[in-house]
Amino acid sequence: MKKWFLLLSVVLTLALLLPAHPRAVAAVEPTVSVVPDKTVTLTFDDGPDPRFTPQILDMLKKRHLQATFFVVGRNALEHPDLVRRIARDGHTIANHTLTHPHLETLKPTQVNAELQGGDAALTAVVGPSFAVPHFFRPPRGNVSPAILTTTEQLNKQLILWNVCVENHTTTTPQQVEQRVMSLIHERHGGILLAHDGELDRTLTVQSLPRILDDLQREGFHIVPLQTYLDAQQQSMGQHAL
Ligand SMILES: [Zn+2]
């Protein structure tokens, strides 16, 4: 336990010394209303976890798909090899805080430490030349004034989601597939959220191949997050016209 606190304080101190990411990207209000047609992007939260992350990486590799992993800094420090594999496989690695707290209950200084600590953990694991992407997903998708302000101060872009794979009403891979596909159809695509860590994600690992097969069979484009956001910008421009 002592060792863990020592590690945490080192990371937090390091975080406070690091400059904010130089790329200026305005934080956006969370919006799920405009989604590019027939386009989906895959995001995974709460890993890395040796029980599930490797299986998901294998699945994505087999299908030549790129995803975004919103990694918890604490888990990254525990499983650095997995984080490096995510990077090596060409996926985007982004910040999901250092310890996955109830961020919306924390003060601005604590929120700041969680965000900077998350970035510092990723840099410590992947290497000093690794530019942590500006994407940030708050735990459980909860936001507060302190989270919005800190996100903006650190030039982070808040990324939420449209469809979550996990839901307490679905308990078999078939049910998960059916629910997720029907939501994707209803919303014409979107940012898909699945989890690869913290809890037992066996059902997610079992359901994902079915969902990915459906999406590919139905002609959905499964694109990286930045490509999705660019397409979203275009859709918003068209809406404005
Ligand atoms: Zn989470």
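**Getting started**

The model is predicted: local features need pLDDT of at least 70 and side-chain atom pairs count only at pLDDT 80 or more, while totals for chains, interfaces and linings use all residues. Residues are numbered from 1 along each chain as its sequence is written.

The chain holds nine helices and eight strands. Both kinds of element are DSSP runs numbered from the N terminus, with helices (H or I) of at least four residues and strands (E) of at least two. Of its 241 residues, 41% count as buried. A residue is buried if 20 or more other C-beta atoms lie within 10 Å of its own, exposed if 12 or fewer, and partly exposed in between, with C-beta atoms placed from the backbone. Contacts also reach along the sequence: among those between residues at least 6 apart, 80% join residues at least 24 apart. Here two residues are in contact if their C-beta atoms, placed from the backbone, lie within 7 Å.

Which residues of helix α2 are buried? In this helix, residues 53-62, they are Thr53, Ile56, Leu57 and Leu60. They cover an arc of only 100° around the axis, so they sit on the same side of α2. The arc is that of the directions from the helix axis to the C-beta atoms.

The buried residues of α2 pack against β1 (39-45), α4 (80-88) and α8 (202-217). On the face turned away from the buried side, you will find the exposed residues Asp58 and Lys62.

**Two helix pairs**

Helix α5 (residues 108-126) packs against helix α6 (residues 145-153) at an angle of about 50°, and their axes are 9 Å apart. That angle makes α5 oblique to α6. Axes are lines fitted to C-alpha atoms, for helices over the stretch in contact, and angles run from 0 to 180 degrees between N-to-C directions. Angles under 35 degrees count as roughly parallel, over 145 as roughly antiparallel, 65 to 115 as roughly perpendicular and the rest as oblique.

The crossing of α5 and α6 is right-handed, a term used when the near helix is turned clockwise from the far one by less than a right angle (left-handed if anticlockwise). From α5, Pro108, Val111, Asn112 and Leu115 meet Ala146, Ile147, Thr149 and Thr150 of α6. By class, the contact of α5 with α6 has five nonpolar, three polar and no charged residues. Ala, Val, Leu, Ile, Met, Phe, Trp, Tyr, Cys and Pro count as nonpolar, Asp, Glu, Lys and Arg as charged, and the others, Gly among them, as polar.

The other pair joins helix α7 (residues 173-187) and α8, whose axes come within 8 Å and cross at roughly 50°. This makes α7 oblique to α8, and their crossing is right-handed. Pro173, Val176, Glu177, Val180 and Met181 of α7 make the contact with Leu203, Gln206, Ser207, Arg210, Ile211 and Asp214 of α8. By class, the contact of α7 with α8 has six nonpolar, two polar and three charged residues.

Another spot is the peptide bond from glycine 47 to proline 48, which is cis, with omega near -5°. Proline 48 is found in the loop between β1 and α2.

Is isoleucine 159 buried or exposed? With 26 C-beta neighbours inside 10 Å, isoleucine 159 counts as buried. Its loop runs between β5 (157-158) and β6 (163-164). Leaving aside neighbours within four places in sequence, isoleucine 159 is in contact with Phe135, Phe136 and Arg137. Isoleucine 159 and leucine 229 are 70 residues apart in sequence, with 9.8 Å between their C-alpha atoms.

Proline 101 lies in the loop between β3 (92-95) and α5. With 13 other C-beta atoms within 10 Å, proline 101 is partly exposed. Not counting residues up to four places away in sequence, proline 101 touches Leu106, Glu114 and Pro139. Proline 101 and proline 138 are 37 residues apart in sequence and 9.3 Å apart in space, C-alpha to C-alpha.
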